[in-house]
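Open the model in your viewer and keep the selection tool at hand. The stops below are meant to be taken in order.

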Amino acid sequence: MTAIPDAEALYLELLDGVKALVRENTRLVGVTSGGAWLVERLQKDLGLAGAPGIISSAMHRDDFARRGLAASAQTSLPFDVNGADVLLLDDVLYTGRTIRAVLNELFDFGRPACVRLAVMVDRGGRELPVAADFAAARLELPAAQSLALARDDKGAFSFQVEQA
């Protein structure tokens, strides 16, 4: 059985890693839904002005016909994407397909100067050439399991291992 990582401890690691990646003009963008939760808290904890961006992969998924539209939040980018330094945030990086879809969505809004990626957990298993600039932890899970970030009503994070 795989040990479930402490999500709050990993959030603190992510906070430190993101601090090192943030530049004067960096805009945080969270991937729905786990990344959106992370970016809301990071924006506040880093004392960054304005609202963070939220981006959905739903419209560009290569499995759209099978999955359909997710009930998650839709894309909201409260800044001009053209020329922006975008730091994407997600909870778990696995195959790379969600990030590919998110990049397609992002470029529908403009042409950023730079796009980087920070995640809480990189679980390997890549199917596309996608790599995180920062990962708070690396964890191997069997393909039949998934790691899901949860948030309680006080905003505290936890992970759950689910059977895929």
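A nonpolar core here is a set of buried Ala, Val, Leu, Ile, Met, Phe, Trp, Tyr and Cys residues that are joined through side-chain atoms within 4.5 Å. Keep in mind that the model is predicted.

Start by selecting Leu14, Val18, Leu42, Leu89, Met120 and Phe159. In the largest nonpolar core, which has 28 residues, these six touch the most other members. Next, colour the elements that each supply at least two residues of this core: the helices α1 (7–21) and α2 (34–45), and the strands β3 (85–93), β4 (114–122), β5 (134–138), β6 (145–151) and β7 (157–163). The biggest contribution, seven residues, comes from α1.

Now centre on Leu89. Beyond its neighbours within four places in sequence, Leu89 is in contact with Leu14, Val18, Leu28, Val29, Gly30, Val31, Gly35, Val39, Leu42 and Ala118.

Then select Val31, Ile55, Leu88 and Ala135. They are among the 18 residues of another core, which lies apart from the largest one.

Move on to helix α4, residues 97–108. From first C-alpha to last, its twelve residues reach 17 Å, close to the expected 16 Å. Which residues of α4 are buried? Select Ile99, Ala101, Val102, Glu105 and Leu106 to see them. These residues lie on the same side of α4, because they cover an arc of only 160 degrees around the axis. To see what covers them, show β1 (26–31), β2 (53–55), β3 and β4, which are included in that cover.

Finish at Gly110, which follows α4 and has a positive phi, near 150 degrees.

Methods:
Residues are numbered from 1 along each chain as its sequence is written. This is a predicted model: local features need pLDDT of at least 70, side-chain atom pairs count only at pLDDT 80 or more; totals for chains, interfaces and linings use all residues. Side-chain values use heavy atoms; hydrogens and water are left out. Buried means under 20% relative accessible area, exposed over 50%, partly exposed in between (1.4 Å probe, protein chains only). Helices (H or I, at least four residues) and strands (E, at least two) are DSSP runs, numbered from the N terminus. Contact means heavy atoms within 4.5 Å. The expected span of a helix is 1.5 Å times one less than its number of residues. The arc is that of the directions from the helix axis to the C-beta atoms.
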